[in-house]
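Welcome! Let us walk through this structure together, one region at a time. Please have the model open as you read.

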Amino acid sequence: VLVGLAVYVLGLAIFLTNGRFVVTSTGIGNRVGMAAAVGGALVLVGLVFLVASWFPAPAGRNAVVALAIGAICGCCVLVTSAVATYWATAYRKQQQVLSAIEDRLPSISSQATLIVDGVCPYHGPAIVSESDWDLTGALRVAYDDRTVRGDVVQSDTRLEPRGLRNRIYIVETFHPFAADLLLFDVRDGEVVSLSDATVARRHLESSIAQWTERCPPSREGRGVPVLRTDQVYIGWEDRGFQFR
């Protein structure tokens, strides 16, 4: 048990030295706990054997170990399978968005950038479409064109005089207004060329303002919390270290 606690602490200690540390049980940010998970397993197994040692007969000790380890593994399988259903549903949602784009835009000009509005980035902890790199990859596969780009309207999308700015995972992406900067609204299928700030404000200002009403509260690396343990947030932000 003590060795497991040490492994758990050491497995997470390295992340205290960098600029981003997200605690999550179900989102993609849980990969920071891969090493610490070994320590957690050691603690659980140690506790099982500790309890089993209280039984004087070998048969009793063996039964306690077998039943406890089996129950722990069974619970882990159930939780993992339940979380996996969110990813299966998120994939179907992503395919629906891509199908709607291809139906409305059978072809797209090279060097064009498509901004998608009306999509919530997460279904539970699973990603539907949250950033420019995941949508860009999907569009390049769909249109067989390595020059097209994509991005999604999110709560942090900012309208600036010269273009749109998104920020996610501490990465900023800027899309200058141009004739080939296209806005696609999944809700009604409307396609608009964001050629200047006036057009962008007319079509996006209210949508960005209503984003938090349309989509459940979420955070990159974590998605929408589905377990109580994911209500805790630890990380570095512009204002410094945050814990809530």
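Which side chain meets that of Arg-158 in a salt bridge? The partner is Glu-160, with 3.7 Å between N and O. Keep in mind as you look that this is a predicted model. Both ends of the pair count as partly exposed: Arg-158 has a relative accessible area of 36%, and Glu-160 has one of 21%. Glu-160 is not counted as buried because that word is kept for values under 20%.

Asp-117 counts as buried because its relative accessibility is 1%, whereas Arg-187, at 44%, counts as partly exposed.

Arg-187 has a further partner. Its side chain also meets that of Asp-185 in a salt bridge, with 2.9 Å from N to O. Asp-185 has a relative accessible area of 12%, and is therefore buried. If you now bring Arg-214 into view, you can see a network of salt bridges that links Asp-117, Asp-185, Arg-187 and Arg-214.

From charged pairs we can turn to the cysteines. How many disulfides does the structure hold? There is one, and it joins Cys-120 to Cys-215 with an S to S distance of 2.1 Å. The link of Cys-120 and Cys-215 is left-handed, with -95 degrees about the S-S bond. Cys-120 lies in the loop between β1 and β2 (122-123), and Cys-215 in the loop between α6 (211-214) and β10 (234-237), so this bond ties together parts that are 95 residues apart in sequence. Cys-120 is partly exposed, at 24% relative accessibility, while Cys-215 is buried, at 4%.

Cys-75 is in no disulfide, and the cysteine sulfur nearest to its own, that of Cys-76, is 7.0 Å away. Cys-75 itself is partly exposed, with a relative accessible area of 47%. Cys-76 is in no disulfide either; for this residue the nearest cysteine sulfur is that of Cys-73, 6.4 Å away. Cys-76 counts as partly exposed at 46% relative accessibility.

Now let us move to a helix. Helix α2 runs over residues 34-52, 19 residues in total. From its first C-alpha to its last, α2 reaches 28 Å, which is close to the 27 Å expected at 1.5 Å a residue. Which of its residues are buried? They are Ala-36, Gly-39, Val-43, Val-48 and Ala-52. The cover over these buried residues includes α1 (2-13) and α3 (58-104).

Helix α2 also has a part in the surface. A nonpolar surface patch of about 790 Å² is made by Val-1, Leu-2, Leu-5, Leu-47, Leu-50, Val-51, Trp-54 and Phe-55. Both α1 and α2 give two or more residues to this patch, and the largest share, three residues, comes from α2. Among the patch residues, Trp-54 has its place in the loop between α2 and α3. Is Trp-54 buried or exposed? It counts as exposed, because its relative accessibility is 64% and the word applies to values over 50%.

Our last stop is Ser-53, which also has its place in the loop between α2 and α3. Ser-53 is partly exposed, at 44% relative accessibility. Follow the chain from there to Val-64, eleven residues apart from Ser-53, and you will find the C-alpha atoms of the two separated by 9.3 Å.

Conventions:
Residues are numbered from 1 along each chain as its sequence is written. This is a predicted model: local features need pLDDT of at least 70, side-chain atom pairs count only at pLDDT 80 or more; totals for chains, interfaces and linings use all residues. Side-chain values use heavy atoms; hydrogens and water are left out. Helices (H or I, at least four residues) and strands (E, at least two) are DSSP runs, numbered from the N terminus. The expected span of a helix is 1.5 Å times one less than its number of residues. Buried means under 20% relative accessible area, exposed over 50%, partly exposed in between (1.4 Å probe, protein chains only). Contact means heavy atoms within 4.5 Å. Patches are made of residues with over 30% relative accessible area and no salt bridge: like charges are joined within 9 Å, nonpolar side chains (Val, Leu, Ile, Met, Phe, Trp, Tyr) within 5 Å. Accessible areas come from the Shrake-Rupley method with a 1.4 Å probe; for residues, only the protein chains shown count as cover. A salt bridge is a side-chain nitrogen of Lys or Arg within 4 Å of a carboxyl oxygen of Asp or Glu. A disulfide is a pair of cysteine sulfur atoms within 2.5 Å.
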